[in-house]
Amino acid sequence: MAAPRTALLAHLQTWRPYTLWYPGLVGLAGASLTGSHPTTGQLTVAWAAPTLGWVAGHYLGDYYDRDLDALSKPQRPIPSGRLSPRTAVAAGIGCALAVAALALWANWRAVAVAAAAMAGIVAYSRVLKGRGLPGNLVRGVLTALTVLFGAMAVQPWPPWRTLPFALVFLAHDTASNLVGTLRDVDGDREGGYATVPVRRGVRRATHTAAALYLTAVAVACAATGLVPEDTAGYLVLLSAAALCGAGVFGLLLRSPGHLTPALALRAHAVLVCERLVLAAAVVAAGAGTAPALALLTPLLAVSVITQSRMRSRHEFPAPLADGRPTLPDPRP
């Protein structure tokens, strides 16, 4: 029983259950913006296809990162030997094929969006992740495509009102992905990944992420007039998300030019929860506050619990405290 249990835990760690609920919620946000009355099947596709695509991205990303992880994160499933590279590729391809099948069933036009997203996942994981801001931008584009896919699970083409909201998630997830690179400066530098904090310094990366986050909030506010259902609920949840984001970037911007890896991870952990609130705000915009909160409450609880129990061990070989060595910023 030990081997199957070890393999199952390796797959579960690869899925990152603390992030697993976000893409499906964004897909539902896109579906809600159509202003129509989706069927259960359509909502299932809007949720399941982005979620499976997200899992595929984790499998393939861990496969392409296996050499880097062997240097800086040897405890992860592939470098630790608990998950074989071949199994990771097979699982990633399997999830991608399931996404294509769901897209074809719901709306054959959405297959092109799904294919573009999978191409973006491979490009990000294999090439762009270590190329600085272009890689961060691709991560934002993937979430923007999820909004459009969610809408196309319901009707042939996404309505034009979905485009500003897609831009919100593009800017937001570019910023969030950039914050996620702050904790890995030393490992990325050793592995030859030229991320923004490696090339430009932690301070520059933090300011760039903050500017992108402000752009996302500004566009979200400007899109209030396009809300088809519940403007009040949208604004309340959007304000809650923005307050969380302000807390994160206030903390990061007050840092004296350097961060500990643990502090950088905690900042990103808050954004992992904050983006669920943002996605729920868009769900409220199209479907009402009650359905949005009914989805958000359990998903947020699961994210908080699984992050507290799993994430540090997944990101660091050993627990890090604020008193441990910091991430120096070589540039002003």
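Hi everyone, let me start with a definition: helix axes here are lines fitted to C-alpha atoms over the stretch in contact, and angles run from 0 to 180 degrees between N-to-C directions. Helices themselves are DSSP runs of H or I with at least four residues, numbered from the N terminus.

Now the caveats. This is a predicted model, where local features need pLDDT of at least 70, side-chain atom pairs count only at pLDDT 80 or more, and totals for chains, interfaces and linings use all residues. Residues are numbered from 1 along each chain as its sequence is written, and side-chain values use heavy atoms, with hydrogens and water left out.

On to the helix pair. The axes of H3 (residues 40–64) and H5 (residues 85–106) come within 8 Å and cross at roughly 155 degrees. H3 and H5 are therefore roughly antiparallel (over 145 degrees). Their contact (heavy atoms within 4.5 Å) includes Ala 48 and Leu 52 of H3 and Ala 91 and Cys 95 of H5. By class, this contact has 20 nonpolar residues, three polar and no charged ones; Ala, Val, Leu, Ile, Met, Phe, Trp, Tyr, Cys and Pro count as nonpolar, Asp, Glu, Lys and Arg as charged, and the others, Gly among them, as polar.

And the cavities? A cavity is a set of points on a 1 Å grid over the protein atoms alone where a 1.4 Å probe fits but cannot get out, and lining residues have an atom within 4 Å of a point. Around the second largest cavity, the lining includes His 172, Tyr 213 and Glu 274. H11 gives the largest share of that lining, four residues. The lining divides into eight nonpolar residues, one polar and one charged.

Terms used: Helices (H or I, at least four residues) and strands (E, at least two) are DSSP runs, numbered from the N terminus. Angles under 35 degrees count as roughly parallel, over 145 as roughly antiparallel, 65 to 115 as roughly perpendicular and the rest as oblique. On a 1 Å grid over the protein atoms alone, a cavity is a set of points where a 1.4 Å probe fits but cannot get out, and a pocket is an open set with protein on both sides within 12 Å along at least five of seven lines; lining residues have an atom within 4 Å of a point.
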